[in-house]
Each structure stands twice: as structure tokens, then as C-alpha cells.
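Hello,

Here is the structure I promised to pass on to you. Please open it alongside this message, and then read on for what turned up in it.

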Amino acid sequence: MNIIRKFKHKTSALMVAILMLLGTKTYAQSATGSGISQETMLYITFGLVFVVSLLVLLVAIYVLQLLKTFIRKEMSAEQLAKYEAEPSWFAKLWASWNDLKPLEEEEDILLDHDYDGIKELDNHLPPWWKGLFYVTIVYAVVYLLIFHVFETAPLQEERYEREIAAADALKASQEAGLVVDFDENTVTATTDAVELADGQKFFETQCALCHKADGGGLAGPNLTDKYWKNGGSMSDIYKVIKNGVPNTAMISWESQLNPLRMRNVASYVMTLQGTNPPGALPPDGELYEPENE
Ligand code: HEC
């Protein structure tokens, strides 16, 4: 038994170590801003922890079985007979949860009915079923008190209205602070480092999918050369981001980005000019020289 205790100790130590490792890894990732929301991160963490715990449990059960085999081998014939006679914990649990009448005692609960030789037993409901039933009754009472009597928690409709109101307030507060003194024809590239970094962050999380993080192009064209399908001025690029290019994968981003953000992203795209990243797509469209403006 000493061996088993030691083994348990080691498994829990291992579990704690794995959990800690998982924890640091996911939080380190979210800190670098990988574009995955914290909520998603939380679910991923829970999922991983669950899978790892399951694996550890399986290994533990396996090792336990192995230990049992060894112990059985060490037992004398007498001990073994006693050990085998004892029902397993699972058999005991099964018996107490189901409380079935043993086959030999079925006579006692046989009903008088006889349907052409088919007889009926007067079995009672199994304890696990009754337990669940009582739980539902308790749950219903608690639910009724919380949601309808004391109203300590909101019902779906109220929750929906609260969330919409909060979103409206957030949108209003964001728009109130915006000062937009340009339109798509007068927009100029920003040189502010913070704004460019904001543009870069957005580009790398949303645009890189098609244009590659370095702008070299994948499903969308190379944005680092002098050749443009829709024009290469700041105003042209801003318009493409704002309106998209109809009938292509380049959608309009106007509904997702406010004008300042679109300017930051467009300005960042301008800074990619001439960076010549490795593996970039060949030029597409017409040569655009800024001097021609
Ligand atoms: C789903 C893929 C996809 C995504 C995501 C995407 N683009 Fe595009 N983009 C394209 C395609 C395809 C074109 C080419 C359109 C055409 O044929 O004129 C394009 C064209 C462009 C152009 C014009 C290129 C030229 O040669 O005229 C710019 C600038 C651009 N995208 C910037 C962005 C920015 C900035 C983002 C992120 C906000 C973005 N794109 C996101 C697919 C995408």
C-alpha cells in the first residue's frame, strides 16, 4: 500500500506541474497579443487542462491495475481466495445505486397478473433515478425563488436589453471622442509612431491572412512594390480599405474600423513600400510613382 501512496503523490505533483506549465504558456501568449480574445484563451486553457487530467487519470488507472496484478501474484492462495470473494468497489457502488432485487428473491415482488404467460415484477425506482428527481425539484424551487420571487438575477430578456444598452453606451462614448478632420480624398499618411503601431497591429491580425504579415502577398496582392491594381496614393489605399474592391476577397472595412483606424492601417501599408520581403508575390497592376501625384 505504501507503493500506491507514493504513486498518488507523484501523480498529483505531475498534475500540478503540468497545470502550472499550461498556465504560464497561455498567459505568456495572450500578453504578446496574438489576436485571440481572453475568453477564448480561457476556454482553450480549460480544454487543455481537461484533456491532460483525463490522460493522467487513464494512466493512473492503468498503473493501478498493474499494481493489482503484482499484488495478486504476491498473495498466498488463501489470501487470494479471500480477496476475490470481496466484491469490487464498483460492484458495491452499482448495487447501492440500483438496489436491484437479486434474481433468487424475485418471487417476492412478482405481481399476480399473468398476460398469456408474461409476468410482471413490482420493481421500485432505482435510487440514482430518485436522487436525480429530487435534485430537479430542489433546482426548480431555487430557480423560482431566484428568478421570479426575489428577482436577484435577470431573465434572458432583461439580460439582452442590458447588454444592448451597454454596447450602445460604449459605441457612443467611443464616437464622442473622435475628431475626424479628413475624408477619403484629403486623407494624409500619419507619421506618428503610436498610430503606425496601431495600424501595424491591426494589419498583422486582420490583413496578414491574405496579404502576409510582411505585406508580400498571398491571396491578396503584394503591397510592398510600386505596382498597384487600384492606385498607390494614400487616398487610393484608404479608399480600397474603406470601400473594398467589389467582387474580390477584399471586403469593405468601414463597418469594422473608424476613420482614424483606417488611416492608421493605410499609413502602415504605405510604410511597407520598398521593403522587398523574401517570397513576395510578383508585381501586379500598374506602376505608380508618387511624383506623378
Ligand atoms: C480575404 C482576403 C483579404 C483580406 C483579409 C484583406 N485583403 Fe486586401 N486585398 C485582397 C485582394 C484579393 C485584393 C485584390 C483586389 C483586386 O483585385 O483589385 C486586395 C487588395 C488590397 C489593396 C489594393 C492592392 C492593389 O494592388 O491595388 C490594399 C491596399 C489592401 N488590399 C489592403 C488590405 C488591408 C489594409 C487589409 C486589412 C484591413 C486587407 N487588405 C485585408 C484580399 C484581402
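A salt bridge here is a side-chain nitrogen of Lys or Arg within 4 Å of a carboxyl oxygen of Asp or Glu. Please keep in mind that this is a predicted model.

With that in hand, let me start with the charged pairs. Side chains of opposite charge can pair when their charged atoms come close. The structure holds eight salt bridges, and one of them joins the side chains of Lys-226 and Glu-289, with N and O 3.9 Å apart. This pair links distant parts of the chain: Lys-226 sits in the loop between H7 and strand E3 (227-228), while Glu-289 lies in the segment after strand E4 (286-287), 63 residues apart. Lys-226 has a relative accessible area of 41%, so it is partly exposed. Glu-289, at 22%, is partly exposed.

Another salt bridge brings together the side chains of Glu-184 and Lys-242, at 2.8 Å from N to O. Here too the pair links distant parts of the chain, 58 residues apart: Glu-184 is in the loop between helix H6 (156-176) and helix H7 (193-211), and Lys-242 is in helix H8. Lys-242 counts as buried, because its relative accessibility is 18% and the cut-off for buried is under 20%.

A further salt bridge is formed by the side chains of Lys-101 and Glu-105, at 3.9 Å from N to O. Lys-101 is partly exposed at 34%, and Glu-105 is partly exposed at 36%.

How do helices H8 and H9 cross? The axes of H8 (residues 234-243) and H9 (residues 259-271) come within 9 Å and cross at roughly 125°, and the two helices are therefore oblique to each other. Their crossing is right-handed. On the H8 side, the residues in contact are Met-234, Ile-237, Tyr-238, Ile-241 and Lys-242; they meet Pro-259, Met-262, Arg-263, Val-265, Ala-266, Ser-267, Val-269 and Met-270 in H9. By type, the residues of this contact divide into ten nonpolar, one polar and two charged.

Is Asn-264 buried or exposed? Its relative accessibility is 7%, so Asn-264 counts as buried. Leaving aside residues up to four places away in sequence, Asn-264 touches Thr-190, Glu-195, Asp-198 and Gly-199.

Enjoy exploring, and write back with any questions.

Best wishes

Methods
Residues numbered from 1 in each chain as written. Predicted model: local features only at pLDDT ≥ 70, side-chain atom pairs only at ≥ 80, totals over all residues. Heavy atoms only, no water. Axes fitted to C-alpha atoms, helices over the stretch in contact; angles between N-to-C directions. Helix = DSSP H or I, 4+ residues; strand = E, 2+ residues; numbered from the N terminus. Parallel < 35°, antiparallel > 145°, perpendicular 65-115°, else oblique. Left-handed = near helix turned anticlockwise from the far one by under 90°. Contact = heavy atoms within 4.5 Å. Nonpolar A, V, L, I, M, F, W, Y, C, P; charged D, E, K, R; others polar. Buried < 20%, exposed > 50% of the residue type's maximum accessible area, 1.4 Å probe, protein only.
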